[in-house]
Amino acid sequence: MKQIVYYGVQDIRLKEVEVPQPGPGEIVVKNKVTLTCGTDCKMFMRGYRYDPPHLIGHEAAGDIVAIGEGVTRFKLGDRVVAHNTAPCHKCYWCKKGQSSMCVDLPSNLGSYAEYQLIPKNIVEENTFLLPDEMAYKQAALTEPLSCAVYGIDQVDIEQGDSVVVNGCGPIGLMFIRLAYLKGARVIACDSKPNRLELAQKMGARHLIDITKVDQVQAVRDLVEDSRGVDVAIEAAGLPAVWEIAFNQVRAGGQVLCFGGTKSGTKVTFDCTRMHYEQITVKGVFHTTPIHVNAAFELLKMGAISADDFVEHEYTIEETEAAIREHAEGKVIKNCIVYED
(Lines give C-alpha, C1' and ligand atoms only; values in the text may rest on other atoms or scores of the structure.)
Protein backbone atom coordinates (compact mmCIF):
# COMPACT_ATOMS: atom_id res chain seq x y z
CA MET A 1 0.00 0.00 0.00
CA LYS A 2 0.97 3.67 -0.36
CA GLN A 3 1.81 5.65 2.76
CA ILE A 4 3.27 9.10 3.46
CA VAL A 5 6.18 9.24 5.94
CA TYR A 6 7.51 12.40 7.57
CA TYR A 7 11.34 12.63 7.49
CA GLY A 8 11.87 16.22 8.59
CA VAL A 9 11.01 19.84 7.88
CA GLN A 10 9.49 20.05 4.38
CA ASP A 11 10.47 16.44 3.73
CA ILE A 12 7.65 13.92 3.34
CA ARG A 13 8.00 10.84 1.16
CA LEU A 14 5.65 8.37 -0.43
CA LYS A 15 6.54 4.82 0.57
CA GLU A 16 5.29 1.37 -0.44
CA VAL A 17 4.65 -0.72 2.67
CA GLU A 18 2.69 -3.83 3.63
CA VAL A 19 -0.98 -3.49 4.46
CA PRO A 20 -1.25 -3.72 8.28
CA GLN A 21 -2.84 -6.73 9.93
CA PRO A 22 -5.04 -6.26 13.00
CA GLY A 23 -4.14 -7.74 16.37
CA PRO A 24 -6.68 -8.49 19.11
CA GLY A 25 -9.18 -5.65 19.46
CA GLU A 26 -7.83 -3.77 16.44
CA ILE A 27 -9.30 -2.95 13.03
CA VAL A 28 -7.85 -1.96 9.68
CA VAL A 29 -9.60 0.82 7.77
CA LYS A 30 -9.27 1.43 4.05
CA ASN A 31 -9.25 5.20 3.95
CA LYS A 32 -11.61 6.96 1.58
CA VAL A 33 -10.52 10.50 2.47
CA THR A 34 -7.85 12.23 4.53
CA LEU A 35 -8.13 15.92 5.40
CA THR A 36 -5.22 18.30 5.81
CA CYS A 37 -4.86 19.82 9.27
CA GLY A 38 -3.09 22.81 10.79
CA THR A 39 -0.97 20.41 12.84
CA ASP A 40 0.14 18.69 9.62
CA CYS A 41 1.11 22.11 8.26
CA LYS A 42 3.10 23.05 11.38
CA MET A 43 4.79 19.65 11.35
CA PHE A 44 5.70 20.00 7.68
CA MET A 45 6.90 23.62 7.90
CA ARG A 46 8.71 23.67 11.26
CA GLY A 47 8.91 20.17 12.76
CA TYR A 48 7.08 18.37 15.54
CA ARG A 49 7.58 16.94 19.00
CA TYR A 50 8.36 13.43 17.74
CA ASP A 51 11.73 12.49 16.27
CA PRO A 52 11.48 11.60 12.57
CA PRO A 53 10.93 9.51 10.65
CA HIS A 54 7.31 8.96 11.66
CA LEU A 55 3.86 8.86 10.16
CA ILE A 56 1.71 11.94 9.55
CA GLY A 57 -2.00 12.70 9.36
CA HIS A 58 -4.92 12.11 11.72
CA GLU A 59 -8.18 13.18 10.03
CA ALA A 60 -9.63 10.39 7.92
CA ALA A 61 -12.67 8.19 7.35
CA GLY A 62 -13.14 4.95 5.46
CA ASP A 63 -14.31 1.34 5.43
CA ILE A 64 -13.33 -1.54 7.72
CA VAL A 65 -11.49 -4.23 5.73
CA ALA A 66 -10.05 -6.36 8.56
CA ILE A 67 -11.10 -7.06 12.14
CA GLY A 68 -8.98 -8.43 14.96
CA GLU A 69 -10.05 -11.04 17.48
CA GLY A 70 -12.51 -9.79 20.07
CA VAL A 71 -13.95 -6.85 18.11
CA THR A 72 -17.73 -6.96 18.42
CA ARG A 73 -18.77 -3.33 17.90
CA PHE A 74 -18.07 -3.37 14.17
CA LYS A 75 -18.16 -5.66 11.17
CA LEU A 76 -16.38 -5.85 7.82
CA GLY A 77 -17.56 -3.15 5.42
CA ASP A 78 -18.71 -0.73 8.09
CA ARG A 79 -18.15 2.93 7.24
CA VAL A 80 -16.31 4.48 10.19
CA VAL A 81 -14.33 7.41 11.48
CA ALA A 82 -11.67 6.91 14.14
CA HIS A 83 -10.34 9.65 16.38
CA ASN A 84 -6.56 9.72 16.77
CA THR A 85 -6.36 9.14 20.54
CA ALA A 86 -8.12 7.51 23.49
CA PRO A 87 -7.06 8.05 27.13
CA CYS A 88 -6.04 5.30 29.53
CA HIS A 89 -8.58 6.23 32.28
CA LYS A 90 -6.03 5.02 34.84
CA CYS A 91 -3.42 7.76 35.27
CA TYR A 92 -3.62 10.68 37.71
CA TRP A 93 -4.89 13.16 35.09
CA CYS A 94 -7.60 10.82 33.79
CA LYS A 95 -8.81 10.22 37.33
CA LYS A 96 -8.90 13.98 37.88
CA GLY A 97 -11.12 14.37 34.82
CA GLN A 98 -8.34 15.90 32.70
CA SER A 99 -7.98 13.13 30.14
CA SER A 100 -6.64 15.46 27.44
CA MET A 101 -3.40 15.33 29.46
CA CYS A 102 -3.37 11.55 29.89
CA VAL A 103 0.20 10.27 30.23
CA ASP A 104 -0.61 7.34 27.93
CA LEU A 105 -2.20 9.25 25.06
CA PRO A 106 -0.22 8.30 21.96
CA SER A 107 -1.38 10.02 18.80
CA ASN A 108 -2.35 7.50 16.15
CA LEU A 109 -0.72 9.23 13.20
CA GLY A 110 -0.73 7.72 9.74
CA SER A 111 -3.94 8.74 7.99
CA TYR A 112 -2.06 9.79 4.84
CA ALA A 113 -2.17 6.18 3.69
CA GLU A 114 -4.39 3.83 1.76
CA TYR A 115 -4.90 1.67 4.85
CA GLN A 116 -4.64 2.48 8.56
CA LEU A 117 -4.46 0.32 11.67
CA ILE A 118 -6.69 1.53 14.50
CA PRO A 119 -5.49 0.52 18.00
CA LYS A 120 -7.70 -1.35 20.45
CA ASN A 121 -8.35 1.54 22.86
CA ILE A 122 -9.45 3.84 20.02
CA VAL A 123 -11.65 1.11 18.51
CA GLU A 124 -13.39 0.65 21.85
CA GLU A 125 -13.98 4.30 22.73
CA ASN A 126 -13.39 6.75 19.88
CA THR A 127 -14.46 5.03 16.66
CA PHE A 128 -17.89 5.80 15.22
CA LEU A 129 -20.20 4.18 12.68
CA LEU A 130 -21.26 6.60 9.94
CA PRO A 131 -24.98 6.99 9.21
CA ASP A 132 -25.85 6.09 5.63
CA GLU A 133 -26.38 9.73 4.70
CA MET A 134 -23.09 10.96 6.17
CA ALA A 135 -20.27 11.68 3.72
CA TYR A 136 -16.71 10.59 4.49
CA LYS A 137 -15.49 14.20 4.34
CA GLN A 138 -18.07 15.25 6.89
CA ALA A 139 -17.08 12.43 9.25
CA ALA A 140 -13.38 13.23 8.90
CA LEU A 141 -14.01 16.61 10.57
CA THR A 142 -14.67 14.81 13.87
CA GLU A 143 -11.16 15.25 15.30
CA PRO A 144 -10.74 19.00 14.71
CA LEU A 145 -14.31 19.77 15.71
CA SER A 146 -13.87 17.79 18.92
CA CYS A 147 -10.92 20.03 19.83
CA ALA A 148 -13.04 23.14 19.31
CA VAL A 149 -15.93 21.60 21.28
CA TYR A 150 -13.55 20.88 24.16
CA GLY A 151 -12.05 24.37 23.99
CA ILE A 152 -15.39 26.19 23.96
CA ASP A 153 -16.46 24.08 26.93
CA GLN A 154 -13.55 25.45 28.98
CA VAL A 155 -14.82 29.05 28.98
CA ASP A 156 -18.10 30.44 30.28
CA ILE A 157 -20.09 31.87 27.39
CA GLU A 158 -23.61 33.08 28.10
CA GLN A 159 -26.26 34.26 25.67
CA GLY A 160 -25.56 37.82 24.62
CA ASP A 161 -21.87 37.70 25.52
CA SER A 162 -19.28 39.21 23.19
CA VAL A 163 -16.61 36.81 21.92
CA VAL A 164 -13.66 37.50 19.64
CA VAL A 165 -11.89 34.73 17.72
CA ASN A 166 -8.37 35.60 16.57
CA GLY A 167 -7.44 33.41 13.61
CA CYS A 168 -10.03 32.03 11.21
CA GLY A 169 -8.38 28.81 10.15
CA PRO A 170 -10.37 25.57 10.53
CA ILE A 171 -10.31 25.54 14.34
CA GLY A 172 -11.00 29.27 14.59
CA LEU A 173 -13.98 28.94 12.27
CA MET A 174 -15.29 26.07 14.38
CA PHE A 175 -14.92 28.22 17.49
CA ILE A 176 -16.93 30.94 15.75
CA ARG A 177 -19.71 28.51 14.90
CA LEU A 178 -19.85 27.04 18.40
CA ALA A 179 -19.82 30.47 20.10
CA TYR A 180 -22.60 31.60 17.76
CA LEU A 181 -24.66 28.52 18.62
CA LYS A 182 -24.25 29.44 22.30
CA GLY A 183 -25.87 32.80 21.57
CA ALA A 184 -22.76 34.98 21.58
CA ARG A 185 -22.10 38.06 19.46
CA VAL A 186 -18.96 36.94 17.65
CA ILE A 187 -16.15 39.08 16.26
CA ALA A 188 -13.77 37.44 13.77
CA CYS A 189 -10.19 38.63 13.20
CA ASP A 190 -8.01 37.48 10.32
CA SER A 191 -5.97 38.75 7.39
CA LYS A 192 -7.42 36.50 4.67
CA PRO A 193 -10.61 37.62 2.85
CA ASN A 194 -11.66 34.01 2.14
CA ARG A 195 -11.45 33.14 5.83
CA LEU A 196 -13.37 36.24 6.93
CA GLU A 197 -16.07 35.47 4.37
CA LEU A 198 -16.53 31.98 5.80
CA ALA A 199 -16.38 33.39 9.34
CA GLN A 200 -19.44 35.45 8.51
CA LYS A 201 -21.21 32.33 7.25
CA MET A 202 -20.31 30.55 10.49
CA GLY A 203 -22.10 33.28 12.44
CA ALA A 204 -19.60 36.11 13.02
CA ARG A 205 -21.43 39.42 13.29
CA HIS A 206 -18.34 41.59 12.91
CA LEU A 207 -15.33 41.00 10.64
CA ILE A 208 -11.96 42.63 11.28
CA ASP A 209 -9.22 42.64 8.66
CA ILE A 210 -6.14 42.81 10.85
CA THR A 211 -4.04 44.23 8.00
CA LYS A 212 -6.10 47.43 8.01
CA VAL A 213 -6.78 48.29 11.66
CA ASP A 214 -5.39 47.85 15.15
CA GLN A 215 -6.63 44.44 16.17
CA VAL A 216 -7.04 45.33 19.85
CA GLN A 217 -8.67 48.75 19.51
CA ALA A 218 -10.98 47.62 16.71
CA VAL A 219 -12.38 44.88 18.93
CA ARG A 220 -12.74 47.16 21.95
CA ASP A 221 -14.55 49.76 19.82
CA LEU A 222 -17.27 47.21 19.09
CA VAL A 223 -18.14 46.86 22.78
CA GLU A 224 -19.90 49.46 24.93
CA ASP A 225 -17.49 51.85 26.67
CA SER A 226 -14.63 50.05 24.88
CA ARG A 227 -14.48 47.75 27.90
CA GLY A 228 -13.37 44.70 25.90
CA VAL A 229 -15.02 41.39 25.12
CA ASP A 230 -16.24 38.81 27.60
CA VAL A 231 -14.16 36.05 26.00
CA ALA A 232 -11.12 36.34 23.70
CA ILE A 233 -10.10 33.19 21.85
CA GLU A 234 -6.64 32.70 20.33
CA ALA A 235 -6.63 30.22 17.44
CA ALA A 236 -3.52 31.19 15.50
CA GLY A 237 -0.67 29.51 17.36
CA LEU A 238 1.39 32.71 17.48
CA PRO A 239 2.70 34.26 20.74
CA ALA A 240 1.87 37.78 19.56
CA VAL A 241 -1.76 36.75 19.18
CA TRP A 242 -1.82 35.34 22.72
CA GLU A 243 -0.87 38.84 23.91
CA ILE A 244 -3.39 40.49 21.60
CA ALA A 245 -6.19 38.31 22.99
CA PHE A 246 -5.22 39.31 26.54
CA ASN A 247 -5.49 42.99 25.61
CA GLN A 248 -8.89 42.56 23.94
CA VAL A 249 -10.68 41.12 26.98
CA ARG A 250 -12.62 43.08 29.59
CA ALA A 251 -11.94 43.18 33.31
CA GLY A 252 -13.20 39.88 34.72
CA GLY A 253 -13.06 38.31 31.27
CA GLN A 254 -11.53 35.11 29.99
CA VAL A 255 -8.78 34.42 27.47
CA LEU A 256 -8.62 31.01 25.80
CA CYS A 257 -5.24 30.17 24.25
CA PHE A 258 -5.73 27.21 21.95
CA GLY A 259 -3.21 27.55 19.13
CA GLY A 260 -0.02 25.66 19.92
CA THR A 261 3.17 27.73 19.63
CA LYS A 262 6.71 26.71 18.82
CA SER A 263 8.54 25.02 21.69
CA GLY A 264 10.28 27.47 24.04
CA THR A 265 8.10 30.42 23.06
CA LYS A 266 7.49 33.09 25.72
CA VAL A 267 4.68 35.66 26.02
CA THR A 268 4.27 38.76 28.20
CA PHE A 269 1.12 39.75 30.08
CA ASP A 270 0.54 42.83 32.24
CA CYS A 271 0.55 41.23 35.70
CA THR A 272 -1.03 44.28 37.34
CA ARG A 273 -3.93 44.14 34.94
CA MET A 274 -4.30 40.37 35.31
CA HIS A 275 -4.39 40.72 39.10
CA TYR A 276 -6.58 43.78 39.67
CA GLU A 277 -8.90 43.12 36.72
CA GLN A 278 -9.18 39.42 37.59
CA ILE A 279 -8.53 38.17 34.07
CA THR A 280 -8.43 34.43 33.51
CA VAL A 281 -5.94 33.14 30.92
CA LYS A 282 -6.42 29.47 30.10
CA GLY A 283 -4.38 27.19 27.89
CA VAL A 284 -6.29 24.29 26.36
CA PHE A 285 -4.91 21.30 24.48
CA HIS A 286 -6.53 18.52 22.47
CA THR A 287 -9.89 17.04 23.57
CA THR A 288 -11.60 14.26 25.56
CA PRO A 289 -13.86 11.32 24.61
CA ILE A 290 -16.96 13.17 25.82
CA HIS A 291 -16.20 16.03 23.45
CA VAL A 292 -15.30 13.68 20.58
CA ASN A 293 -18.73 12.11 20.89
CA ALA A 294 -20.36 15.54 21.04
CA ALA A 295 -18.49 16.64 17.90
CA PHE A 296 -19.64 13.57 15.98
CA GLU A 297 -23.24 14.25 17.01
CA LEU A 298 -22.92 17.89 15.90
CA LEU A 299 -21.61 16.72 12.53
CA LYS A 300 -24.55 14.35 12.15
CA MET A 301 -26.84 17.30 12.89
CA GLY A 302 -25.10 19.43 10.26
CA ALA A 303 -23.87 22.10 12.69
CA ILE A 304 -21.01 22.60 10.26
CA SER A 305 -20.57 21.22 6.75
CA ALA A 306 -17.58 19.75 4.96
CA ASP A 307 -18.74 21.67 1.89
CA ASP A 308 -17.61 24.86 3.65
CA PHE A 309 -14.32 23.54 5.02
CA VAL A 310 -12.91 21.12 2.42
CA GLU A 311 -11.96 22.84 -0.82
CA HIS A 312 -9.69 20.86 -3.19
CA GLU A 313 -9.12 17.16 -3.82
CA TYR A 314 -5.69 15.60 -4.34
CA THR A 315 -4.23 12.13 -4.79
CA ILE A 316 -1.89 10.65 -2.21
CA GLU A 317 1.00 11.37 -4.58
CA GLU A 318 0.05 15.06 -4.34
CA THR A 319 -0.03 15.21 -0.53
CA GLU A 320 2.77 17.76 -0.27
CA ALA A 321 0.95 20.15 -2.60
CA ALA A 322 -2.23 19.74 -0.56
CA ILE A 323 -0.43 20.53 2.69
CA ARG A 324 1.48 23.49 1.22
CA GLU A 325 -1.69 25.08 -0.13
CA HIS A 326 -3.29 24.74 3.31
CA ALA A 327 -0.20 26.10 5.08
CA GLU A 328 -0.18 29.18 2.83
CA GLY A 329 -3.75 29.99 3.87
CA LYS A 330 -5.12 29.67 0.35
CA VAL A 331 -7.75 27.16 1.48
CA ILE A 332 -9.42 26.18 4.73
CA LYS A 333 -8.67 22.48 4.24
CA ASN A 334 -7.80 20.10 1.42
CA CYS A 335 -8.66 16.47 0.93
CA ILE A 336 -6.74 13.40 -0.19
CA VAL A 337 -9.05 11.00 -2.03
CA TYR A 338 -8.10 7.35 -2.52
CA GLU A 339 -8.95 5.20 -5.50
CA ASP A 340 -11.22 2.20 -4.95
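Helix 5 is mostly covered, with 11 of its 12 residues buried (buried means under 20% relative accessible area, exposed over 50% and partly exposed in between, with a 1.4 Å probe and protein chains only). The model is a predicted one, in which local features need pLDDT of at least 70 and side-chain atom pairs count only at pLDDT 80 or more, while totals for chains, interfaces and linings use all residues. Residues are numbered from 1 along each chain as its sequence is written, and side-chain values rest on heavy atoms, with hydrogens and water left out. Helices (H or I, at least four residues) and strands (E, at least two) are DSSP runs, numbered from the N terminus.

The buried residues of helix 5 are T142, E143, P144, L145, S146, C147, A148, V149, Y150, G151 and I152.

Helix 5 also has a packing partner. Two packed helices are described by the angle between their axes and the distance between the axes. Helix 6 (residues 170-181) packs against helix 5 at an angle of about 50°, and the two axes are 9 Å apart. Here axes are lines fitted to C-alpha atoms, for helices over the stretch in contact, and angles run from 0 to 180 degrees between N-to-C directions. Helix 5 and helix 6 are therefore oblique to each other, given that angles under 35 degrees count as roughly parallel, over 145 as roughly antiparallel, 65 to 115 as roughly perpendicular and the rest as oblique. Their crossing is right-handed; a crossing is left-handed if the near helix is turned anticlockwise from the far one by less than a right angle, and right-handed if clockwise.

Helix 6 in turn meets helix 7 (residues 193-202), their axes coming within 8 Å and crossing at roughly 20°. This pair is therefore roughly parallel, and the crossing of helix 6 and helix 7 is right-handed.

Turning to the sheets, strands of a sheet pair through backbone hydrogen bonds, either parallel or antiparallel. Six strands form an open sheet with parallel pairing, in the order 11-10-9-12-13-14, where two strands pair if DSSP finds at least two bridges between them. Strand 11 (206-209) and strand 14 are the edge strands of this sheet, each pairing on one side only. From one strand to the next, the twist averages 15°.

Within this sheet, five bridges link strand 12 to strand 13 (residues 249-257) in the parallel sense. Strand 12, helix 9 (residues 239-248) and strand 13 together make a right-handed β-α-β unit; a crossover is right-handed if, with the strands pointing away from the viewer, the path from the first strand over the helix to the second runs clockwise.

Another open sheet has three strands in the order 2-1-4, with antiparallel pairing. Its edge strands are strand 2 (11-16) and strand 4 (54-55), each pairing on one side only. Strand 1 (residues 2-8) runs antiparallel to strand 4 and is joined to it by two bridges; Y6 stands opposite H54 of strand 4.

The loops hold some backbone features to look out for. Most residues other than glycine have a negative phi, and most peptide bonds are trans. P52 and P53 are joined by a cis peptide bond, with omega about 0°, and P53 sits in the loop between helix 1 (38-46) and strand 4. S226 has a positive phi near 50° and belongs to the loop between helix 8 (215-220) and strand 12 (229-234). With 29% relative accessibility, S226 is partly exposed. Phi of H286 is also positive, near 65°; H286 lies in the loop between strand 14 (280-283) and helix 11 (289-301) and is buried, at a relative accessible area of 9%.

Finally, P119 occupies the loop between strand 7 (115-118) and helix 3 (120-125). At 23% relative accessibility, P119 is partly exposed. The C-alpha atoms of P119 and E26 are separated by 5.1 Å, although these residues are 93 residues apart along the chain.
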